[in-house]
Amino acid sequence: MKVRSIKQTVLTFVCLTMVTFNFFGQSTQINLWNGKIPGAIPNVNYKQTVDSEDNWTKMRFVTNPVLDMYPAPKEKAAGTAVIICPGGAYWGLAIAHEGEEVAKWLNNLGVTAFVLKYRLPSDAIMVDKSIGPLQDGQEAIRLVRRHAKEWGIDPAKIGIMGFSAGGHLASTISTHFNEKVYDTSDSVSARPDFSLLIYPVISMEESITNKGSKVNLLGDNPSLEKVKHFSNELQVNNETPPAFLVHSIDDKAVLVQNSINYALAMEKHNVLCELHIYQSGGHGYGLGRSKNTESSWPEACRKWLEARGYIGEKETPKVGFGEPAKLNPDDKPAFNDPPVGFRDKRNNISHGTITTVQYDSKTLGTRREMMVYTPPGYSPDKKYPVIYLLHGLNSGNGQWPYWVRADYIIDNLLADGKIKPMIMVFPNTNTKVTVENPKIDEQEDRKDGYKGYGKSFENDLLNDIVPFIESHYSVYTDRKQRALAGLSMGGGQSLNIGLSHINTFAYVGGFSSAPNTNEFGGLSNTKLLPDLTAAKKQLKVLWLACGSKDGLFSVSQRVHQYLKEQGVPHIWHVDSNGHDDTEWANNLYLFVQHIFK
């Protein structure tokens, strides 16, 4: 019996090991079009194949494009996604060394990767083969952006990557993202936030193009207009996303001039670009196959992604940051933590709707965007209170819904009968971000002291955003039905604006407030509370919160001490969290249960 037991144990262990091995690093396949492929021609004789002849694994005759999703490990996840377009001269897809291997490398950097198995241009299955790959590429970006929240991705951190002819597709998506090549059911943007182009075909110009790629995409005798249209170095403008490019000078299949000309076009239009040219390597080396310098490009790419804030730790303002928390007796929790699952999506309840809306900012003389949450059952026949939620530095208005999951928190509290229905507004709190300029340069933003987060946003909020909401939604228009709260940089903004405009907001909250907090953050001498009497009499709730592991703890602590000395009623909630989404979600859950009473 003992021998048999040992054998069973060994067999069980071997089986478990095999299961673990089989599932490790596997992908999830996502159908791109769900059978509704635009411009498709049915052809039962056109069947997908995969083979490894000629020393490379290639997929051909793709009729049903898919995304193979490789989620980043939770402990490394940076919220960034990259969609990979394998090369193959628009004839085949190098799905192994320019697909799966690259996806696993990106996973190690904390990036969620998607291998796009796109349709290869063919008159046999497409009405217009020149736009077939572009249709798949645009929809891939849109699909990932639509599902960003549930997949743990920041919708402002979605990049496109391409090798060889896949680089042509990636650069086409980067320069033709506004081109309407199929009917869409929503307004989700197809613009990548950055591109990684590895020995890419860029041009269709005869002197430098890869002829096989050109013929396969455009045919034997394309018009001059079509050649120019798909020569992507000619299509760069100031909306083209930043790019990282790699090429070898001895590449005979795709001449290095492709990358050089694209980089020069980027420079001409003041778009950030980094180009690495290696003395050897030839073409098609994927992540690198030799001890020569071209094999070092993945490390250069990692550094570029890190410098752009797509992986690794974000740089935080130095003033007031990193000071160890020195807790006083009253620096303690005011409430218990929320229940487990309080911000998970529950399928058995009704959910609100988040809509992206545009408005004309008269204050700034430009057009801007914000997101608006309306609760389940929203009706113009009822009136609703409004809470304005401000995001943090170098994030966007999607931080509250996509990272904190603010809408799920409110949905769950409404379903449990703990709060009244309310509207949430998520503005972009950096006025440099506009419809025409959706992604500002973070380095330049730092140089001018983040002025876009200052007085200009305060005026935009008070003079444009609040009036827009009150004229387009069925909401109350008195201060007792308005709340203002924010996290990190947005926490400082909320305190600065809310406490200077008590006649506008009756409820003010600062969660993990940053050094931009007036008077107490170290960056400004402006009075935080211009009217102490009004604060004591009119504020219905003033909420301060910060985790004891937060390097910005001292900022909120100093505000609390001042309010305490001045006798201004407020809630001071200190828990054991850091500067993170757990802290902000917990406080939103608690805060909204104390407002609009």
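Predicted model: local features only at pLDDT ≥ 70, side-chain atom pairs only at ≥ 80, totals over all residues.
User: Start with the record. Where does UniProt place the BD-FAE-like domain?
Analyst: The UniProt entry, which is unreviewed, places the feature "domain: BD-FAE-like" at residues 67-261.

User: And how much helix and strand is there over residues 67-261?
Analyst: Over that range the chain is 30% helix and 17% strand. The end C-alpha atoms are 30 Å apart.

User: Which residues of α5 are buried?
Analyst: In helix α5, residues 211-218, they are Ser213, Lys214, Leu217 and Leu218. Seen down the axis of α5, these buried residues fall within an arc of 100°, so they line one face of the helix.

User: What do the buried residues of α5 pack against?
Analyst: They pack against three helices: α3 (132-146), α4 (165-175) and α6 (224-229).

User: What follows α5?
Analyst: Gly219 does, and its phi is positive, near 95°.

User: Now α8. Which residues are buried there?
Analyst: Helix α8 covers residues 297-307, and Trp297, Pro298, Ala300, Cys301, Trp304 and Leu305 are buried in it. Viewed down the axis of α8, the buried residues fall within an arc of 160°, so they too line one face of their helix.

User: What covers the buried residues of α8?
Analyst: The cover includes helix α2 (96-108) and the strands β7, β8 (194-198), β9 (243-248) and β10 (273-278). As for what follows α8, Gly309 has a positive phi, near 85°.

User: You listed Cys301. How many disulfides are there?
Analyst: The count is zero. Taking Cys85 as a case, the closest cysteine sulfur is in Cys301, and at 14 Å it is too far for a bond.

User: Is Cys85 buried or exposed?
Analyst: Buried, with 0% relative accessibility. Cys546 is also buried, with a relative accessible area of 0%.

User: Back to β8. How many of its residues are buried?
Analyst: Five of its five residues are buried. Phe194, Leu196 and Ile198 are on one side of β8, with Ser195 and Leu197 on the other, and both faces are covered.

User: How many bridges join β7 to β8?
Analyst: Five, and the two strands run parallel. Within that pair, Ile160 stands opposite Ser195 in β8.

User: What about Lys157, where does it lie?
Analyst: Lys157 lies in the loop between α3 and β7 (158-163). With 10% relative accessibility, Lys157 counts as buried, the cut-off for that being under 20%. Lys157 and Ala81 are 76 residues apart in sequence, but their C-alpha atoms are 6.3 Å apart in space.

User: Change of topic. What is the strand order in the eight-stranded sheet?
Analyst: The order is β11-β12-β14-β13-β15-β16-β17-β18, in an open sheet with mixed pairing.

User: Which strands stand at the edges?
Analyst: β11 (353-361) and β18 (571-575) do. Each has a single partner strand, so one side of each is left without a neighbour in the sheet. Between neighbouring strands of this sheet the turn is 20° on average, with direction ignored.

User: How do β15 and β16 pair?
Analyst: Strand β15 (residues 482-487) pairs with strand β16 (residues 507-511) in the parallel sense, over five bridges. Gly486 has Gly510 of β16 as its bridge partner.

User: And β16 with β17?
Analyst: That pairing is parallel as well, over five bridges. Here Tyr507 has Val541 of β17 as its bridge partner.

User: How many residues of β17 are buried?
Analyst: Seven of the seven, so β17 is largely enclosed by the rest of the structure. Val541, Trp543, Ala545 and Gly547 point one way, while Leu542, Leu544 and Cys546 point the other way.

User: Which strands does α12 lie across?
Analyst: Helix α12 (residues 455-472) lies across β11, β12 (366-374), β13 (386-390), β14 (423-427) and β15. It runs at about 120° to β11.

User: And α13?
Analyst: Helix α13 (residues 489-500) lies across β13, β15, β16 and β17 (541-547). Its direction is at about 145° to β15.

Conventions
Residues numbered from 1 in each chain as written. Heavy atoms only, no water. Buried < 20%, exposed > 50% of the residue type's maximum accessible area, 1.4 Å probe, protein only. Helix = DSSP H or I, 4+ residues; strand = E, 2+ residues; numbered from the N terminus. Arc of directions from axis to C-beta. Contact = heavy atoms within 4.5 Å. UniProt positions renumbered as here; feature names shortened; annotations may be inferred. Disulfide = S-S within 2.5 Å. Pairing = 2+ DSSP bridges. Axes fitted to C-alpha atoms, helices over the stretch in contact; angles between N-to-C directions.
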